[in-house]
Amino acid sequence: MGFADSAVRDSPAVTLTGVTIAPFSYAPAPESVRPTLRSEYGLFIGGRFVEPKSGAAFKTINPATEEAIATVADAGEADVARAVDAARKAQPKWAKTKPAERAKILFRIARRIQERSRELAVLESMNGGKPIKESRDEDLPLVAQHFFHHAGWCDKLDYAFAGAKPQPVGVCGQIIPWNFPLLMAAWKLAPALACGNTCVLKPAETTPLTALMLGEILQECGLPDGVVNIVTGGPDAGRAITALAAKGKVDKVAFTGSTEVGKAIAKALAGSGVKLTLELGGKSPNIVFADAALDQAVEGVVSGIWFNQGHVCCAGSRLFVEESIHEDFIDRLRNRMRSLRVGDPLDKNTDVGAINSKAQLATIQRYLKAGSDEGAEKFEAACDLPKKGFWCRPCIFTGVQPSHTIAREEIFGPVLSVMTFRTPEEAVQRANNTTYGLSAGVWTEKAARALEMANRLNAGVVWLNTFNRFDASAPFGGYKESGFGREGGRQGLSAYVKLGGGR
Amino acid sequence: MSATQTGGRIEVAKTLKLYVNGAFPRSESGRTVLVLDAKKRAFAHASHASRKDLRDAVEAASAAQPKWAAATAYNRGQVLYRLAEMLEARRAEFASLMVSIEGRTKAEAAKEVDRAIDRCVCFAGWTDKIAAVLGGKQPVAGPYFVFTMPEAMGTVAVVMPDERPLLSLVSLLLPVVAAGNSAIVIAPVAGKPAANAPLAIAFAEAVATSDVPAGIINILTGARAELCPWIASHREIAGVAGARLPAADAKALELGAAENLKRVHLFHDAPAFDDDAFWHSPFAIQPFVDLKTVWHPSAMF
């Protein structure tokens, strides 16, 4: 893994509220665990890895080094159809399995994920570029928790939907993105399985490996063959799932990804009666009032936009700062940016890892250009970037107008647009002035104001004096064009049951 | 027309108009549709709502909705209970319209009317319990106080099927407004077996004499297939409620809605409208709320 060139990196001098912290060096702290990988992966169908009928395969790379990690099957339409058939065949028996017995298998999966969590975290960082401290401390604990939480739901569904006779939906087609590959797999699979459904999971093209390792874990834990099938490939494999759903072969489609693709899926399924949930894009506001605990707010803004390189659908990508503290707050933020460490995702000290793909880096760079071209002022964290791989310095734009492209469109990268406001009314109005509605952040020490802001912001998740918090028991999902349906908690189960005793 | 003579007296026939923003306008298009009774005799002329009537109704509904959503749940409950009182006073009229237009027996009609009124009472009682049942405090694994609360979506179009005109109207409309949304009801005038525009307008008269604020419930009688694409593509409509719709209408609604991802819930899985266990449940309301989850750190600083 070629990071010798950045083995020892110096922190810059940091000046914070008049106190200067001298530069100091970090020794590299590379993660030593190496995941057990096969050199080639087939498709996980009917409880085993099979050769794709398409005969096609692609190399999946490490975006931090551009080196190939493994060769993965590229599912064609016939392969997706085969996976759907396997799921259909397995569904009645899985639905009839005593709920308490289904639960035991899901509990066991949660335990096995905990046992193999370091290995999975390393693989997640290798394949997706996210810092190991995030995959280790955020993604993997949540993955295990999702299976554990939903395991317990298996035999309690009649209480969750009291009087409504919940039934499984049937076969679920689940298409997930590359930003939280294993976590999104868990969010999709765990509730579906708890409710007695079977699944065909399509991981993102650039990040298939942790899902495939999860396939091995499901086998180890005794999940019956065909209950979960994993088809790797590009957008065509995803489209094949939607096409099969439109023909009545898949009963439910769950998609997390871009709003553009979400709308295309909604159109393809119009009139089909297929259940659909969509968790789509965002342009979420993070609002800082003058009375906020400013250093905490700075940390919240940092987490809001630079967590996972900004590849987060609920990223706080629009910062609204009360006008009276704008200058002070931006100074604090710039100082904090100087100590962000960008580089090797497998170094435990890394704050910001690699951009997930060359294509995404190009997209981000287009937005950086648009920001400057339209007149906003850019400030970048000063840091050396590795020579190979896909990288982008964390940056903020000030002087942004609401009409600017970077204030309206989702960038999905480490780019923050800063704007100001004068009154709480103006903050609400500007924050809600978007077609999206996934999340919102508010920083204020006034409890009544915080709660009223929570009431009035049009977003599915509102973080007050915190940001980017997730939990298996807390529903997550969007308002408006950020999609519909919730994931997590009792509310998230609705997507995976038919009510009223079914048709 | 129902200009029947009884004892030498000519009946005063009702002009059927639309119900928009608390008033009874005619369709701006000037169009009407002949309504036949069960014996295929001319019964009345119903207004045939246009796209412009829909837009006017959306404008009124959107303007009225925030105040309705902000009213206390207790207040909304009392207003909807008052609506049940107004419906109860019109039992005979509803039943007689079902008999003459749908051709149902008097006993069937009376039972259907009672079920619809009781369902209205049920939802009057739901307003201040929705949050308790659909939301709640979340036991997250960390030092955070987290709660999930249902919120109204805004303006919801309620697209009625051809069957069971009063019961389907109450079953689809009441959950929508109980949750704090405003509604635009599309009552078909030309469907079979039982499009019943006179009954929809009798319902509007009950609404008009209740305490439901102007603009919260609007009723358009018209050609459903004509209006569905306009409902689907209207950006101010946040959701669509419907059930047992013809496939073409369902598809038109879902296709157009994909443009701005409005929530279309057509109760594909739901049982018949007589099933009280389902149609009185919070799961009839759930599709017409958005769930918001709010986090705050919890610590002794």
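Predicted model: local features only at pLDDT ≥ 70, side-chain atom pairs only at ≥ 80, totals over all residues.
Local features need pLDDT of at least 70 and side-chain atom pairs count only at pLDDT 80 or more, whereas totals for chains, interfaces and linings use all residues. Residues are numbered from 1 along each chain as its sequence is written, with chains lettered from A and ligands numbered from 1 in the order in which they are written.

User: What makes strand β15 of chain A mostly covered?

Analyst: A residue is buried if 20 or more other C-beta atoms, placed from the backbone, lie within 10 Å of its own, exposed if 12 or fewer, and partly exposed in between. In β15(A), residues 275-279, five of five residues are buried. Lys275(A), Thr277(A) and Glu279(A) lie on one side and Leu276(A) and Leu278(A) on the other, so both faces are covered.

User: Why are β14(A) and β15(A) said to pair?

Analyst: Two strands (DSSP E runs of at least two residues, numbered from the N terminus) pair if DSSP finds at least two bridges between them. β14(A), residues 252-256, and β15(A) share five bridges and therefore qualify, in the parallel sense. Ala254(A) stands opposite Thr277(A).

Methods
Helix = DSSP H or I, 4+ residues; strand = E, 2+ residues; numbered from the N terminus.
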